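Student: Could you show me how to read the helices of a protein model and the way they pack? I would like the general idea before each case.

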Amino acid sequence: MVKYLLTVAAVYLGAIGLALLFVPAQFGVEAVPEDASSELLALMRLLGGPFLGIALLNWLSRKAATSPVLLANLVGFGIVAANDVVGVATGDARDLARVFVVVHLAFAIAFAVAWSRRTTSQS
């Protein structure tokens, strides 16, 4: 299960990283103004790098996942999911967030289960 989880997370995060690098305005539809400043687009592109780095880490760790890798993913997806939940609940998030809240919660739960099993089996 962990191998597939890390593989899917790697592909997902890699796609987000590439989208931030190459099509930041389109990726940020409904969140980025149509006349976005070059500085805002540069900032969005800057965020693509860490996404690609985490995607690569997940890809390389998929055959021998360690608890720290699983915990880092749990924290990352958990925080993003919490942000999505708050945004959807308050109405401050874009409409697309309703889809992403499900995706990010699913990743957070899956990484919580994987991390819990890994730490329990190591005890």
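Tutor: Helices are DSSP runs of H or I with at least four residues, strands are runs of E with at least two, and both are numbered from the N terminus. Ser67, for example, is found in helix α4. This is a predicted model, in which local features need pLDDT of at least 70 and side-chain atom pairs count only at pLDDT 80 or more, while totals for chains, interfaces and linings use all residues. Residues are numbered from 1 along each chain as its sequence is written, and side-chain values use heavy atoms, with hydrogens and water left out.

Student: Is Ser67 buried or exposed?

Tutor: Buried means under 20% relative accessible area, exposed means over 50%, and partly exposed lies in between, with a 1.4 Å probe and protein chains only. Ser67 has 10% relative accessibility and so counts as buried. Contact means heavy atoms within 4.5 Å, and, not counting residues up to four places away in sequence, Ser67 touches Trp115, Arg118, Thr119 and Gln122.

Student: How do α1 and α3 pack?

Tutor: Two packed helices are described by the angle between their axes and the distance between the axes. Axes are lines fitted to C-alpha atoms, for helices over the stretch in contact, and angles run from 0 to 180 degrees between N-to-C directions. Helix α1 (residues 2-22) and helix α3 (residues 38-61) pack at about 160°, with their axes 7 Å apart, which makes α1 roughly antiparallel to α3. Angles under 35 degrees count as roughly parallel, over 145 as roughly antiparallel, 65 to 115 as roughly perpendicular and the rest as oblique.

Student: How do α1 and α4 pack?

Tutor: Here the angle is about 50° and the axes of α1 and α4 are 12 Å apart, so these two helices are oblique to each other. The contact is made by Val2, Leu6, Ala9, Tyr12 and Leu13 of α1 and by Val69, Leu70, Asn73 and Phe77 of α4.

Student: Which residues of the largest nonpolar core touch the most other members?

Tutor: A nonpolar core is a set of buried Ala, Val, Leu, Ile, Met, Phe, Trp, Tyr and Cys residues joined through side-chain atoms within 4.5 Å. The largest one has 22 residues, of which Leu6, Leu70, Phe77, Phe107 and Phe111 touch the most other members. Helices α1, α3, α4 (67-90) and α5 (97-122) each supply at least two residues of this core, and α1 gives the most, with eight residues.
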